Protein chains: 2
Amino acid sequence: MLELTDRQTLILAFIRDTLAERGIPPTRAEIMDHFGFASPNAAQAHLRALARRGAIELSAGHSRGIRLSPQVADPDTLPLIGRVAAGAPILAVENIETHHRIAPSLFKPRADYLLRVRGDSMIDAGIRDDDLLAVHATREAANGQVVVARVDDEVTVKRFRRRGSIIELLPANPAYEPIVVDGSGQSLAIEGRAVGIIRRGEFSDRP
Amino acid sequence: MLELTDRQTLILAFIRDTLAERGIPPTRAEIMDHFGFASPNAAQAHLRALARRGAIELSAGHSRGIRLSPQVADPDTLPLIGRVAAGAPILAVENIETHHRIAPSLFKPRADYLLRVRGDSMIDAGIRDDDLLAVHATREAANGQVVVARVDDEVTVKRFRRRGSIIELLPANPAYEPIVVDGSGQSLAIEGRAVGIIRRGEFSDRP
DNA sequence: TCACTAGCTGTATATATTTACACGCAACCG
DNA sequence: CGGTTGCGTGTAAATATATACAGCTAGTGA
């Protein structure tokens, strides 16, 4: 989690309040006035510190160019993960396409991110190409659950089945082959469990 | 509803977009650039017009002092409609089970409510029992679109097809029969179009 | 025809805002 | 001890922004 000093927490709270009450972020001068600073530079230094810690993002040269980082902003958003770069953690910044305003608690257990589904290997489970899969980040999975797994740096969505020391990742589409991992060769990591899906777009005829 | 000219609607959309993308409202100059105006005063005049009509509120003397009026601001919840009482408008209070924190603008066109799907008559279109269907309230539908229709007080989800004066509501499941309405007997009203779905819960094995 | 609104161009200017530079003090870490 | 970070004061200047005034073209309703 973010490590902020008490003072920085107050500054952040003021930004949040200003945003909520006026719809725009404060200027340096407004921060200065509110905290009784004698110099706008005090505010500037705080903003830079907050930006360095990732609590806010500053856009240079623009008035009120302060934006709350998604993690700090609104607990009601989920990051959308597009293509996962090989080797990178799923939630790494470079994988995040955007954030969507959906309450994580809409799903049970809580969703941690949305993953854009590629391909139709899970179509018989009702998961289609381009769907947004709501994923609960966890290492644990029970037989029959749909999981997000990483096999040799490749991230995939499949149904999980363990039999003794052998783990099978089963597609829900007869056109695809199961992935079988027996502990020796390939590396396997469970990244999370599917807890829901979101599909966007009109349902036009698909003949 | 607000009466805005086409131009004003575009300006308002730009403000909304800027807010969504950058977290701050645009300046006059930014509006000017975006629309290709030669004078910031053109933007200023539009803003005043929008304020006069109540679409936005301006705060004098502040940079980016533009805020969307509550009526045009994007709320962030959608009502969930469960069983629709016979004869009642879909959005009537007694039909609303709860509200979910999902941005309506996640869908295009914007969703107005969520409808809990009953039965599997649309399963081949990827819509399953217990799914939450995101619905855009409108009377208009084109052939092939999935609509929420009311036939004799009964609300149903089907694929829309019109042939001359005959309207067919087609299920996406061979086990069900199409509903055919020819203007005489039954009454038919289109309540909205499906613009997305949300499915909650783990995808456990279902053999 | 007149008054009014929508939509602009063009010019200016006051003010709002960001941001750099130069310092000071205290606390903490290796 | 020396270097770093947190937290400020004070000053200045470059830019970013808001906003007024003067005018122009069209369309619309009385």
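How many residues surround DNA strand D, and which are the closest? Let us work towards the answer point by point.

1. **What you are looking at.** This is a predicted model, in which local features need pLDDT of at least 70 and side-chain atom pairs count only at pLDDT 80 or more, while totals for chains, interfaces and linings use all residues. Residues are numbered from 1 along each chain as its sequence is written, and chains are lettered from A and ligands numbered from 1 in the order in which they are written.

2. **The outline of chain A.** You can find 4 helices and 11 strands in chain A; helices (H or I, at least four residues) and strands (E, at least two) are DSSP runs, numbered from the N terminus. The C-alpha trace spans about 70 × 45 × 30 Å along its principal axes. Chain A has a radius of gyration of 22 Å, whereas a compact globule of 207 residues would have one near 17 Å. That radius is taken over C-alpha atoms, and the globule rule is 2.2 Å times the number of residues to the power 0.38.

3. **Two domains.** Chain A splits into domain 1 (6-72) and domain 2 (78-204), with bounds that come from an automatic or database domain assignment. The centres of these two domains of chain A, taken over C-alpha atoms, are 37 Å apart.

4. **DNA strand D.** Here is the reply to the opening question: 26 residues surround DNA strand D, and the closest are A:Arg7, A:Ser39, A:Asn41, B:Thr27 and B:Ala60. A residue is near a molecule or strand if its C-beta atom, placed from the backbone, lies within 6 Å of it. Two or more residues each come from helix 1 (6-22) and helix 3 of chain A, and from helix 2 (28-35) and helix 3 of chain B. Helix 3 of chain A gives the most, with 5 residues.

5. **DNA strand C.** Around DNA strand C there are 27 residues, and A:Thr27, A:Ala60, B:Thr5, B:Ser39 and B:Asn41 come nearest. For this surface the largest share, 5 residues, is from helix 3 of chain B. Its residues divide into 10 nonpolar, 13 polar and 4 charged. In this count Ala, Val, Leu, Ile, Met, Phe, Trp, Tyr, Cys and Pro are nonpolar, Asp, Glu, Lys and Arg are charged, and the others, Gly among them, are polar.

6. **What the record says.** UniProt, in an unreviewed entry, places a "DNA-binding region" at residues 28-48 of chain A; such annotations may be inferred rather than shown by experiment. Over those residues the chain is 81% helix and 0% strand, and the end C-alpha atoms are 11 Å apart.

7. **Where the chains meet.** The contact takes 34 residues from chain A and 33 residues from chain B, counting two residues as in contact if their C-beta atoms, placed from the backbone, lie within 7 Å. On the chain A side, strand 11 (residues 188-200) supplies the largest share, 8 residues. Strand 11 of chain A and strand 11 (residues 188-200) of chain B run antiparallel, joined by 5 bridges; two strands pair if DSSP finds at least two bridges between them. As an example to look up, A:Arg200 has B:Gly196 as its bridge partner.

8. **Strand 3 of chain A.** Strand 3 (residues 78-81) is joined to strand 4 (residues 96-100) by 4 bridges, and the two run antiparallel. Here A:Pro79 has A:His99 as its bridge partner. Strand 3 also runs parallel to strand 5 (residues 113-116), with 2 bridges, and A:Leu80 stands opposite A:Leu114.
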